[in-house]
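This briefing is meant to be read beside the sequence and the 3D view shown below. It groups its points by topic and gives the cut-offs of each term where that term first comes up.

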Amino acid sequence: MLDIYAGENAIKTLKEKGFTADIFTNFLGASGGPKWFTLFGLDKYLFSEFFKNRTQVLNIIGSSAGAFRAACFAQKDPLSAINRLATSYAQTVYSENAKPEEITRKAIELLDEVFGDTGIDEIINNPVMKAHFIVAKSKGLTKFNNKLCQGSGLFSSYLLNKVDRKLLRLQYERFVYQSPTSQISIDDPYNFTTHHVDLTPNNIKQALLASGSIPLVMLGIKNIHGSPKGMYRDGGIIDYHFDFGLRSNLSREKNDGLTLYPHFNAQPKAGWFDKNSSRKVLKKHYDNTVLLVPSLQFIASLPYQKIPDRTDFTQLDAKTRISYWQTVLSQTDQLADDFHKLINGQDLSKIKPLAL
């Protein structure tokens, strides 16, 4: 039920050291909304078993849904937190033709569920699991909540990206809201202006909400505390599935260790505007990455033979959608079982080269 892919150097490291938790120093969580539900079983296993009792730093980097997951993993009880996120998200119901104000309000309620009573302090002060939330600061027409202005700006973004991903720098800057003791930086060949801002009790809620503020669907987040004034939106606009390297600030060289990346397909796309394009991510950025992917066989076993996505909110009635999503959440334990067998048996022959 689970496919595992690895970059060239990752395969070499796995053969030399085995598939153990200690070979990983980074963990990625992509955008994609409810597509994340297919990874729920893996998330539970990874942070309650695989990384249990870890003392070595793990940098957890996420955008949008991936940032919400990062906020769960950096809490003292990640299993309870990720269960709260999945349950609350799956049971969210909107009114017919819901407007951005309502969807944003429900996202704030979800965020409060994720943090619980003590989550904020636990995330900020976690000495091992270091959370990083990616946010896109919008410029030009994309900074407005007015749908006509914003839509025109997004269409311009689409055209600019079609010519060259680097041109998106004209409309967006990357902000990484991170653990105050983080020691990593993003190595980006596309040269987006990138700012690193420490997470604080005053900005963590705004930063996490902004990371998931889908354009046109939700309101943008204005003037995040401790950041330049402006409009902040979904981190997936720039970093949908990621196309960058990670560098250690301590050594000023490439970040040591491998990156573990549970993802819903084996062909990651750089940004939101690349979803339907043929543009590939740079192979070098995945040389040290291990990708955990639900197999086509697993997806075929799900209701409707597909993974959940945001269109389910409009194409299915609430009762049907919630039942479907809860079935998916339950069935993803099969992926965790497969991963557990691999770890116990260390049968690395099941790992496939990552073809990008």
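Aspartate 312 counts as buried at 2% relative accessibility, where buried means under 20% relative accessible area, exposed means over 50% and partly exposed lies in between, computed with a 1.4 Å probe on protein chains only. The model is a predicted one, in which local features need pLDDT of at least 70 and side-chain atom pairs count only at pLDDT 80 or more, while totals for chains, interfaces and linings use all residues. Residues are numbered from 1 along each chain as its sequence is written, and side-chain values use heavy atoms, with hydrogens and water left out.

**Salt bridges**

- Aspartate 312 forms a salt bridge with lysine 306, the closest N and O atoms being 2.9 Å apart; the term stands for a side-chain nitrogen of Lys or Arg within 4 Å of a carboxyl oxygen of Asp or Glu.
- Lysine 306, which is partly exposed at 25% relative accessibility, also meets the side chain of aspartate 309 in a salt bridge of 3.3 Å, N to O, and aspartate 309 is buried at 18%.
- The structure holds 13 salt bridges, and a network of them links Arg165, Arg174, Asp188 and Asp239.
- Another salt bridge joins the side chains of aspartate 112 and lysine 205 at 3.3 Å, N to O.
- This pair links distant parts of the chain, 93 residues apart, with aspartate 112 in helix α5 (residues 100-115) and lysine 205 in helix α8 (residues 204-211); helices (H or I, at least four residues) and strands (E, at least two) are DSSP runs numbered from the N terminus.
- Aspartate 112 is partly exposed with a relative accessible area of 37%, and lysine 205 is likewise partly exposed, at 39%.

**Cysteines**

- A search of the whole structure finds zero disulfides, a disulfide being a pair of cysteine sulfur atoms within 2.5 Å.
- Cysteine 72 is buried at 0% relative accessibility, whereas cysteine 149 is partly exposed at 26%.

**Histidine 285**

- Histidine 285 lies in the loop between β11 (258-262) and β12 (289-294), and with a relative accessible area of 13% this residue is buried.
- The side chain of histidine 285 reaches the backbone nitrogen of phenylalanine 244 at 3.3 Å.
- With its neighbours within four places in sequence left aside, histidine 285 is in contact (heavy atoms within 4.5 Å) with Asp187, Pro189, Asp243, Phe244 and Gly245.

**Helix α4**

- The 13 residues of helix α4 (residues 78-90) should span 18 Å at 1.5 Å a residue, and the end C-alpha atoms, 18 Å apart, agree with that value; the expected span is 1.5 Å times one less than the number of residues.
- The buried residues of α4, among them Ile82, Leu85 and Tyr89, pack against α2 (40-50), α3 (65-73), α5, α10 (312-315) and α11 (318-331).

**Strand β5**

- Strand β5 (residues 172-178) is largely enclosed by the rest of the structure, because seven of its seven residues are buried.
- Both faces of β5 are covered, with Tyr172, Arg174, Val176 and Gln178 buried on one side and Glu173, Phe175 and Tyr177 buried on the other.
- Strand β4 (residues 129-138) runs antiparallel to β5 and is joined to β5 by seven bridges, pairing being assigned if DSSP finds at least two bridges between two strands; histidine 132 stands opposite glutamine 178 in β5.
- Strand β7 (residues 194-198) pairs with β5 in the parallel sense over five bridges, and histidine 196 in β7 is the bridge partner of valine 176.

Methods. A polar contact is a pair of N or O atoms within 3.5 Å; within protein, one must be able to donate a hydrogen and the other to accept it, and residues adjacent in sequence count only if both atoms are side-chain atoms.
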